[in-house]
Amino acid sequence: MDLSAINPILLIAALMSAATPILLAATGELVAERAGVLNLGVEGMMIVGAICGFAIAVETNSPVVGFVAAAIGGALLSLLFAFLTQVTLANQVASGLALTLFGLGLSALLGQGYVGIKPPRMPDVNFGFLGDIPIIGPILFSHDPILYVGIAVVAAVWATLKFTRMGLVLRAVGENHDAAHALGYKVVRIRTLAIMFGGACAGMGGAYISLIRVPQWTEGMTAGVGWIALALVVFASWKPWRVLLGAYLFGGITQLQLNLQGAGVAIPVEYLAMSPYVITIVVLVVLSADKSAAPGSLGRTFHASN
Amino acid sequence: MLRLEKRPQPSRLFAYATPVLAVLATFFFGGLLFAALGKDPVQSIVTIFWDPLFGEFSFFYRPQLLIKGAPLVLIAIGLSLGFKAGIWNIGAEGQYIMGALFGAGVGLAFYPAESALIFPAMVLAGAFGGWIWAMIPAVLKVKFGTNEILVSLMLVYVAEQFLASMSLGLLRNPDGMGFPGSRNLQQYPSAHNADLIANTGMHWGVVAAMIAVIFAYVLLARHRLGFAIRVTGEAPRAARFSGVNPNRLIIFCLGTSGMLAGLAGLFEVSGPAGQVGIDFNAGYGFTAIIVAFLGRLHPVGIVLAGLLMALTYIGGDIAQGQLGLPAAAIQVFQGMLLFFLLALDLFTNYRLRFGRTEVA
């Protein structure tokens, strides 16, 4: 075992990258949940985003186009969930599960021809001299553009929810859909858009895994990240900046256990690999006391006649 | 203009018709999918749904129906109890793995002793393994109000890592020349869950599934606890006023479903699968969710749904071999089925009306 092989600066830089898929997916889910929709299909939307992004990036040789395709793919898949829960008034838990099961199958089908291919690389953003600053340089200014997009999305979601009329309407729909309906807001339309935003974010999060984190395609490669993202929204009490904090925490754990595996710690690899899931459970338990922040209409079906 | 109107009473007709319509819709859209993959849609559907039952080699495939169907029915029966009460155990896959590990562990601990008591001990251990794994989300929910969906799901990934660690470590076959995986229980008579009647696929797991179905039916139709489950699902507040203790219900529903999933794992590892291996779990825990819904959370419905889903597995394998249909296509097919079911369920509670929306 050689712990000195773990460089704290590189660890912090890497944890930001490890956190980005969770961050994107969780931020998208946060918006959906603030609109009152519990979408358990995050894992399915992520994996479909992962293959859409991968396939299109390989075909066009452009990672940027890949990410756009991943967002579109995730949003299209989420439309299925929106149709089930908003139009046919199906149970949100069951529909979300269906979306995940369907997404896992669909991605495996789409990804058949893409096993073993290397995707085009996304170049890091060039910040010029900023990247040469000791410590801060490698941590803050040595990343791919999507990582910064992720942080920007968090900031944008926070600002929109807090300061804009659109954010106020969205929250109203999530807190009390009957009251929002009585005021004349289109509950179904607003929720559908929120679900699609969640799908687009989850899709990009998935593509981040297949294009940047792992750079390859394997079936089921999101391996529960979508579920961790769902847990993270609870952890964050439905607040955007706390999603960022939580994502970095989980990114840190993921990265640390990988580094410990690399350093040959005496703990078997499998036990290190299960640690992010165990810690998610522990965090859920610790934070489960406070449910006050949950949107009032979360998970409830809305129909104008009721 | 079309609009929806809530029915005063759920339609019984549609409650029964929905699964059938969903299957028909899945045939149609599944056929389109197969056509998009460049296969003859009619031939694909026939290969998947007809050949295993009535085709030339059906004598070979029919036993498979019980082998694949039993774990699905066993798990889905347990899940349906919780689903009815709004308790969502999504981690049956993990409980299935833990049941297999506990059960196989007990069997392997006695190797090579021969005794008629070994297999019953394994069954108990398997049930216990699944039960204890389900108790984690149950106790956390009761004590701390933690979301059981997320916890039970996280535990699937933990269980998968346990499985890997066990098949590489503690349970690895000492005579296996270093390959991962345990001894083959099929070659250890005291621990082997063999066919009760040769070549029928009729093993102890099928018997257990039948018992579970009868048990669930009686529970729901006749017993006070079954009444508590139904009331809690339909009107949680009313249930509390009528004296239902929600915590006990959570412990019971999660515990039972965990136990049944554990049993399914044990019967699988000691029978058809034979050994603990890294890829031992085949997704039965997740497919059982579809089975539970497709069976309308009703014991008899679940049996039918379980057999249908088993058929898609077997037919899917045949289609893979004969038509080169990718394995993932069957998974998409199963997912589609659940979508149509959920969507068509609308008509159980609502009816479509033509005409303009009245201004309220």
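# Reading a two-chain predicted model

Q: Which side chain of opposite charge is nearest to A:E33, and is A:E33 buried or exposed?

A: A:E33 is buried and takes part in no salt bridge, the nearest side chain of opposite charge being A:R34 at 8.9 Å. Buried denotes under 20% relative accessible area, exposed over 50%, and partly exposed the range in between (1.4 Å probe, protein chains only). A salt bridge requires a side-chain nitrogen of Lys or Arg within 4 Å of a carboxyl oxygen of Asp or Glu. For charge, Lys and Arg count as positive and Asp and Glu as negative, while His and the chain ends are not counted. The model is a predicted one, in which local features need pLDDT of at least 70, side-chain atom pairs count only at pLDDT 80 or more, and totals for chains, interfaces and linings use all residues; side-chain values use heavy atoms, with hydrogens and water left out. Residues are numbered from 1 along each chain as its sequence is written, and chains are lettered from A, with ligands numbered from 1, in the order in which they are written.

Q: Where is A:E33 found, and which residues is A:E33 in contact with beyond its neighbours within four places in sequence?

A: A:E33 belongs to helix 1 (residues 8-34) of chain A. Helices (H or I, at least four residues) and strands (E, at least two) are DSSP runs numbered from the N terminus. Contact means heavy atoms within 4.5 Å. With neighbours within four places in sequence set aside, the contacts of A:E33 are A:L38, A:L230, A:V233, A:W238, A:P295 and A:L298.

Q: How many salt bridges does the rule find over all chains?

A: Side chains of opposite charge can pair when their charged atoms come close. Over all chains the count is three. A:R300 and A:D178 meet at 3.8 Å, N to O. A:R300 lies in the segment after helix 12 (269-287) of chain A and A:D178 in helix 8 (residues 177-182) of chain A, so this pair ties together parts 122 residues apart in sequence. In chain B, B:E148 pairs with B:K141 at 3.0 Å, N to O; B:E148 is buried at 5% relative accessibility, whereas B:K141 is partly exposed at 24%. The salt bridge of B:R296 with B:D345 has its closest N and O atoms 3.0 Å apart. B:R296 occupies the loop between helix 12 (284-294) and helix 13 of chain B, and B:D345 the loop between helix 14 (327-344) and helix 15 (346-349), so the pair ties together parts 49 residues apart in sequence.

Q: What is to be noted about the phi of B:R296, and where does a cis peptide bond occur?

A: Most residues other than glycine have a negative phi, and most peptide bonds are trans. B:R296 has a positive phi, near 60°, and is not a glycine; its relative accessible area of 27% makes it partly exposed. A:A223, also not a glycine, has a positive phi of about 40° and sits in the loop between helix 9 (187-213) and helix 10 (225-235) of chain A. The cis peptide bond joins B:Y111 and B:P112, with omega about 0°. B:P112 lies in the loop between helix 5 (92-109) and helix 6 (118-144) of chain B.

Q: How is helix 8 of chain B to be read, and what does it reach from its first C-alpha to its last?

A: An α-helix has 3.6 residues a turn, so residues three or four places apart point the same way. Helix 8 of chain B (residues 204-222) has 19 residues and reaches 26 Å from first to last C-alpha, close to the 27 Å expected (1.5 Å times one less than the number of residues). Its buried residues include B:A209, B:A212, B:V213, B:A216 and B:L220. The buried residues pack against helix 4 (58-84), helix 9 (224-234), helix 11 (246-270) and helix 13 (299-323) of chain B.

Q: How many residues does each chain give to the contact between chain B and chain A?

A: The size of an interface is often given as the accessible area lost when the parts come together. Chain B contributes 41 residues and chain A 45 residues. The buried area (accessible area, 1.4 Å probe, that two parts lose on being put together, summed over both) is about 3,600 Å², with 81% from carbon and sulfur atoms.
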